[in-house]
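Work through the exercises below with the structure open. Each task is followed by its solution in steps.

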Amino acid sequence: MKLFFVSLGCDKNLVDSEKMLALLLENEMEITEDAREAEVIIVNTCSFIHDAKQESIETILEMAEQKETGNCRVLIVTGCLAQRYAADIRKEIPEVDAVVGTTAYDEIASAVKRSLSGENVCILKEVNYLPEGLTRRLQTSSPHTAYLKIAEGCNKRCTYCIIPSLRGDYRSVPMEELTEEAALLAEGGTRELILIAQETTVYGVDLYGKKALPELLHRLCQIEGIRWIRLMYCYPEEITEELLLTMRKEEKICHYLDLPIQHCNDDILKRMGRRTNRADLSEKIKKIREILPDITLRTTLISGFPGETVTQHEECVQFVAQTEFERLGVFPYSPEEGTPAAEYENQIEENIKQQWADEIMEAEQNIIFRQNEKRIGKKLQVITDGYLPEEDIYVGRTYRDAPDIDGCVFFHAAHELLTGTFLTVLVTEARGYDLIGEICDEEDE
């Protein structure tokens, strides 16, 4: 039976999608890239912010049309939108045959079978349930880079965030499962492993009574075939000296940290429910750079939080300029139903939020462009991500760049290169966020 699968939202949702696909393949499903010929269509949705919800709804409606114009017999909605609005989806979109929540993706094969038999299915498990033993994945992107979700849920309860309601409290995946999953990925060709969770830095506290991320990293570094390990979603107040020293000791760990600070103003941070302040942020960043002088720091900011003043926004712009984050992203604040911040007074107009986001990015752009100019003439290790035939050029990344969100390195090659190949590239030019270079004589296999 042919299956068409749409995965929306974040990389954490992507991991759920890949595990569902593995389960479905084991149940005699055949994947197709043409929705018109699929008998089963599954949409794994996102519901983090308004735009993500809108994209999810539009995709569901688009797929619902295949009930009339294609071969679709069963349409299933999974993920965060399904968890949050199960009753509304079943009522408003009658073409949907099954709704499967965020913690019930291990029931996807059962949902398909029951739906095909004519049953209208809704599977919503307790939000703090954690599926066990699902270490098999069907990677949907290039196999040389893979995400490893080390935990589910979050305990932080930031006032703007709906995630705890959709994904539950923080639950670490047992270390044995993670090492098994990572080993399977390595056997399939993964060379770069990217650790993700709502927050990676408190991994293990619930299972082992301590922050066990350093121990997990030591174990993952022993897996043959893995060359790079990258850390995402590290809350700054939870970053320990032990973690930084582990990064310095283990050669496979990229000197790259994604630490979403959201803002720098103490009043804004307090009303966001964040557990840090500007002084602590500055001190932690200083400590990180002392231990890892070649670190690349990525952060994420929110512009236009309710009640934010022009002065507080300007403070954030100045903080970005002074701190010189190597990588940065900004999201205009999105009021989410069910969160405390959505009820705050003094909501900021959309055009102002976007203007402030643009001003922050302009400050960051100057930093990145200046830093990239300094890379000219330097030799950098690069992982090959692919080939652009229309331009006859290869594209790759340095350890400073996470896939899909950071910059790239473009270079020509005299012979065909496989994705995942590591090379040494001499940078010859900087173009905005990206670098241009040429392969050196030495090749790092």
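**Exercise 1: a ring pair**

Phe 305 is buried, with a relative accessible area of 0%; buried means under 20% relative accessible area, exposed over 50% and partly exposed in between, with a 1.4 Å probe and protein chains only. The model is predicted: local features need pLDDT of at least 70, side-chain atom pairs count only at pLDDT 80 or more, and totals for chains, interfaces and linings use all residues. Residues are numbered from 1 along each chain as its sequence is written, and side-chain values use heavy atoms, with hydrogens and water left out.

Step 1. Rings of Phe, Tyr and Trp (its six-membered ring) pair if their centres lie within 6.5 Å; planes under 30 degrees apart count as stacked, over 60 as edge-to-face and the rest as tilted. The count by this rule is nine aromatic pairs.

Step 2. Helices (H or I, at least four residues) and strands (E, at least two) are DSSP runs, numbered from the N terminus.

Step 3. Tyr 344, at 25% relative accessibility, counts as partly exposed. Tyr 160, Phe 305, Tyr 333 and Tyr 344 form one aromatic cluster.

**Exercise 2: a second ring pair**

Task: which class does the pair of Phe 369 and Tyr 433 belong to?

Step 1. With 5.2 Å centre to centre and 75° between the planes, Phe 369 and Tyr 433 are edge-to-face.

Step 2. Phe 369 lies in helix α15 and Tyr 433 in the loop between β18 (422–431) and β19 (434–439), so the pair ties together parts 64 residues apart in sequence.

Step 3. Phe 369 counts as partly exposed at 28% relative accessibility, and Tyr 433 counts as partly exposed at 35%.

**Exercise 3: strand β10**

Step 1. Two strands pair if DSSP finds at least two bridges between them. Strand β7 (residues 145–149) runs parallel to β10 and is joined to it by five bridges; Lys 149 stands opposite Ile 196.

Step 2. Strand β11 (residues 228–231) pairs with β10 in the parallel sense over four bridges, and Leu 231 is the bridge partner of Leu 195.
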